[in-house]
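Hi everyone, thanks for coming. Please have the sequence and the structure open while I talk, and follow along residue by residue.

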Protein chains: 2
Amino acid sequence: MSEVYAARRERLRERCAAGGSATALVTRPANVRYLAGAAPPGAVLLLGSSEDLLLCGAPPSGEAVEGRPDEALRVQVLPRAGGDAAVAAADAAIAQGADSLAVEEHHLTVTRHRAIGAVAPRLRLADLGGAVEQLRVIKDEEEISCLRIGAEIADQALGELLESILVGRTERHLALELERRLVDHGADGPAFATSVGTGPNSGRRGHRPTDRRVEEGDFLSVCLGATYRGYRCEIGRTFVIGTSPADWQIELYDVVFAAQRAGREALVPGAAYRDVDRAARQVLDSAGHTEGLPALTGHGVGLEIDEDPQLAPAAMGKLDTCVPVTVEPGVHLPGRGGVRIDDTLVVRPEADGGPELLTITTKELLAL
Amino acid sequence: MSEVYAARRERLRERCAAGGSATALVTRPANVRYLAGAAPPGAVLLLGSSEDLLLCGAPPSGEAVEGRPDEALRVQVLPRAGGDAAVAAADAAIAQGADSLAVEEHHLTVTRHRAIGAVAPRLRLADLGGAVEQLRVIKDEEEISCLRIGAEIADQALGELLESILVGRTERHLALELERRLVDHGADGPAFATSVGTGPNSGRRGHRPTDRRVEEGDFLSVCLGATYRGYRCEIGRTFVIGTSPADWQIELYDVVFAAQRAGREALVPGAAYRDVDRAARQVLDSAGHTEGLPALTGHGVGLEIDEDPQLAPAAMGKLDTCVPVTVEPGVHLPGRGGVRIDDTLVVRPEADGGPELLTITTKELLAL
């Protein structure tokens, strides 16, 4: 695996050099992990001119560190507690003879930026921008395999929940049970706070579970995901509680289902992000759901649950092969509830069968 | 409640005025919540010269917002998705005639700071520093009451776990069960990731639960906390599994217990932070546990689980009445395991009975 991380750092080094900086300081945790394999909390990565360094704060006694950093990286632990790893990295860059250092201005605080400037007044500080985030967009097969396993785990957890009795249980309990099942099946943990919405709460994006209990006739919408080896996937489904859904429920479900299918079908290499969004959005639009539509139809997933790209009306850029994204349109009718359907898929060429669906739980409207 | 938030903003306004800024931009989420009562994710607070404003991004459709902000605050929702609330706040400050704006440089990123500078080139940007964090150190009785309820919930969850069969269950399962029980008893959720360590993993600060199963003869250390109305408390205990602890376990437990008691007894108004730390530390020290001691003995709790003050060797400052802190010394022997004992207490004058212990689960060495 070590070569993978070294190759990622090499690609970043080329980008930096093209931008005029021989060295770079990576501070955003997911970016550090991407380039170093694993990193304790607060660790930063110096992409040096002669050597790459992972700098970590002095760990509190006996504190656990998850995973192991790339063995090809030199790891330097700061001698005293509370030392600033970013400042130490700037010091190390100077010691390597650097005259400029690209930093992640979108992550670094003003205070730390000033502190680096103070210890290294002759070091020209440039902006690395989202260079690492851009490298992270296209995944290798190892990364996709982690997402695939995470999706299987989420499918299993969801499938088991559907076999249990739901009426009378609270949103909070269902969410906790799903999270327990994720871990049972081998997840590192939930990929994000599991959302369970019943009745009027159904169909709300990011709904935080409440003490409302599942009732006959409710829509029940669930959104969950597993983290597996650091990679985070997402699945969302909506069900009806009781024997037969009401007409308005069937109609609303059909519209969201059609929108989600249109979004999935638009996932081809070379498609503009905004066109994928439009494909799903216009189905909702033409069914008369013009108010309060979601700001986005989907987003990338990976080491973070919400990565580039954004599938949104104003997004710039085009899909590549091997980019995993969610497609998750929804409609929420205030006071009544709503529907969300959410899959994680990987963009693949049509010759390879088109988009690879990772989350395979049925999207039929099940009455539970 | 509204007067509470208005009074907090007034105190901050006085501090700002003393620092030469009539207006301030608060971006750190816990600080926004402290001053506004509640705030959707990403909201920022402008302490204006004529009016205070809570600025929020356009919420994705149907997204849930927890709680309600102070009604005395004007809430402004940004018209378009992805709009930068901090930049909009700077705009609003100029509209109110401000010529300087204090920002939280320890929280604001370089990119957002630059964006504010770009839209408001004539606005002098100053540093608010940790002014809000400092206000947050001393709690009012309402805040302490939330911590007290959270501590009761954590005590209940822990108490129930101890009555169940533990041998053969994994660290992960025990952690998940504790979190479920926290929610059962009315917590908003866990205050931080629940830590359960068995055998060689016991006594490690922040240990992430693994698939290791509880065995006879193990130390079992547990650290958990409840969030109640936003306030986070913490309790940690260590137990022995089986009928009778080994001699080394009793000895180690007694040392950590004595250190923790010394720390608790040092919690008097006016005591220097470092003296509280030293009181606990020297007990461990003189028992020969000189290596790998924790970087700190305790810390403040409140809207965040790790707040000022730090009870650590180099900490500057003195305890005040009504400051809630943890006292949590521990020793971990690599390969064998260890002991941590962790309470949340509120500093009170001796005339009022001394420190108020919020987490009342017994600290006897129980054999389970």
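Let's begin with a pocket. The lining of the second largest pocket is made up of six nonpolar, two polar and two charged residues. Keep in mind as we go that this is a predicted model. That pocket has a volume of about 180 Å³. If you want to find it on your screen, go to chain B and pick out Gln134(B), Val137(B), Ile138(B), Tyr273(B), Asp308(B), Pro309(B), Gln310(B), Ala315(B), Met316(B) and Asp320(B), which line it.

Which element gives the most to that lining? The answer is E14(B), with three residues. Helix H5 (131-137) and strand E14 (307-311) of chain B each bring at least two residues to the lining.

Now let's turn to aromatic rings. A pair of rings is described by how far apart the centres are and by the angle between the planes. How many aromatic pairs does a search of the whole structure find? There are two over all chains. In one of them, Phe219(A) and Trp248(A) have ring centres 5.5 Å apart and planes at 80 degrees; planes over 60 degrees apart count as edge-to-face, so this pair is edge-to-face. Phe219(A) belongs to strand E9 (residues 219-224) of chain A and Trp248(A) to helix H8 (residues 247-265) of chain A, so the pair ties together parts that are 29 residues apart in sequence.

Are these two residues buried or exposed? Anything under 20% relative accessible area is called buried. Phe219(A), at 1% relative accessibility, therefore counts as buried. Trp248(A), at 26%, counts as partly exposed.

Now look at chain B. Phe219(B) and Trp248(B) form an edge-to-face aromatic pair, with 5.5 Å from centre to centre and 80 degrees between the planes. Here Phe219(B) sits in strand E9 (residues 219-224) of chain B and Trp248(B) in helix H8 (residues 247-265) of chain B, so this pair ties together parts 29 residues apart in sequence. Phe219(B) is buried, with a relative accessible area of 1%, while Trp248(B) is partly exposed at 26%.

Stay on Trp248(B) for a moment. The charged end of Arg336(B) sits over the ring of Trp248(B), 4.3 Å from its centre. Elsewhere in chain B, the charged end of Arg8(B) sits over the ring of Tyr34(B), 4.0 Å from the ring centre.

On to salt bridges. Side chains of opposite charge can pair when their charged atoms come close. Over all chains, the count comes to 62 salt bridges. Let me show you a few.

In chain A, the side chains of Glu307(A) and Lys139(A) meet in a salt bridge, 2.8 Å from N to O. This pair links distant parts of the chain, 168 residues apart: Glu307(A) is in strand E14 (residues 307-311) of chain A, and Lys139(A) is in the loop between helix H5 (131-137) and helix H6 (141-162) of chain A. Glu307(A) is buried, with a relative accessible area of 7%, and Lys139(A) is buried at 4%. Both residues belong to a network of salt bridges that links Arg28(A), Glu133(A), Arg136(A), Lys139(A), Glu304(A) and Glu307(A).

In chain B, follow Arg13(B). Its side chain meets that of Glu10(B) in a salt bridge of 3.3 Å, N to O. Arg13(B) and Glu10(B) both lie in helix H1 (residues 2-18) of chain B, three residues apart, about one turn of the helix. Glu10(B) counts as partly exposed, at 36% relative accessibility. Arg13(B) also meets Asp52(B) in a salt bridge, this one 2.8 Å from N to O. That pair links distant parts of the chain, with Arg13(B) in helix H1 of chain B and Asp52(B) in strand E3 (residues 52-56) of chain B, 39 residues apart. Asp52(B), at 11% relative accessibility, counts as buried.

One last stop, back in chain A. Why is helix H2 (residues 29-36) of chain A described as largely enclosed by the rest of the structure? Because six of its eight residues are buried. They are Ala30(A), Asn31(A), Val32(A), Tyr34(A), Leu35(A) and Ala36(A). Just after H2(A), Gly37(A) takes a positive phi of about 90 degrees.

How values were computed: Residues numbered from 1 in each chain as written. Chains lettered and ligands numbered in written order. Predicted model: local features only at pLDDT ≥ 70, side-chain atom pairs only at ≥ 80, totals over all residues. Heavy atoms only, no water. Phe/Tyr/Trp six-rings, centres within 6.5 Å; stacked < 30°, edge-to-face > 60°. Helix = DSSP H or I, 4+ residues; strand = E, 2+ residues; numbered from the N terminus. Buried < 20%, exposed > 50% of the residue type's maximum accessible area, 1.4 Å probe, protein only. Lys NZ or Arg CZ within 6 Å of the ring centre and 35° of its normal. 1 Å grid on protein atoms, 1.4 Å probe; cavity = no way out; pocket = protein on both sides within 12 Å on 5 of 7 lines; lining within 4 Å. Points joined across faces, edges and corners; volume = space filled by probe spheres on them. Nonpolar A, V, L, I, M, F, W, Y, C, P; charged D, E, K, R; others polar. Salt bridge = Lys/Arg side-chain N within 4 Å of Asp/Glu carboxyl O.
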